[in-house]
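Colleague: Could you take a close look at a single part of this model and tell me how it sits among its neighbours?

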Amino acid sequence: IVDTYYLGFPTVPEGVIVPEGMKPVLDLTGVIGLKSGDLRGSYNIKLVMRKPTGERLEVSPKGGWPIVLNGGAHGFNLRMKSKIALAPSEMGLFWFDVLFGEELLTSMPLNLIIGEQPEQAKG
């Protein structure tokens, strides 16, 4: 699980024409795990991406993902796969807001940085 990616964008060889609007694609996988506790019933989980520009984009299906909680230690794990196409000018700190119904449950960061990972961050 990581929250920061260091990205290198390939240089385009001389004479190669890149179609206008073409952007590199980043494959992402995220996991949301919930435990029922006192809750029983059907609920919806939504995921909203906030770009560094402040633009908001719902990345869950319309209406969210339906889940069922049965109380106690019962839980629900949701694995999401997504592709994000971004130009180098769109890098920065993204937030993924997890909504339980319409209530903000938590936010997950994703920091996209152009360049090499610093030595002190490797491990």
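Modeller: Leu-93 stands opposite Asn-111 in strand 6. Strand 5 covers residues 92–100, a strand being a DSSP run of E at least two residues long, numbered from the N terminus. The model is predicted, so local features need pLDDT of at least 70 and side-chain atom pairs pLDDT 80 or more, while totals for chains, interfaces and linings use all residues. Residues are numbered from 1 along each chain as its sequence is written, and side-chain values use heavy atoms, without hydrogens or water.

Strands 5 and 6 run antiparallel and are joined by 9 bridges; for two strands to pair, DSSP must find at least two bridges between them. Strands 5 and 6 form a hairpin with 2 residues between them, where Gly-101 has a positive phi near 70°.

Strand 5 also pairs with strand 2, again in the antiparallel sense, over 6 bridges. Here Phe-96 of strand 5 has Met-49 opposite.

Because 7 of its 9 residues are buried, strand 5 is largely enclosed by the rest of the structure; buried means under 20% relative accessible area with a 1.4 Å probe, protein chains only.

Beyond its neighbours within four places in sequence, Val-25 is in contact with Lys-83, Ile-84 and Ala-85 (heavy atoms within 4.5 Å). The C-alpha atom of Val-25 is 6.6 Å from that of Leu-86, although 61 residues separate the two along the chain.

Technical notes
Buried means under 20% relative accessible area, exposed over 50%, partly exposed in between (1.4 Å probe, protein chains only). Helices (H or I, at least four residues) and strands (E, at least two) are DSSP runs, numbered from the N terminus.
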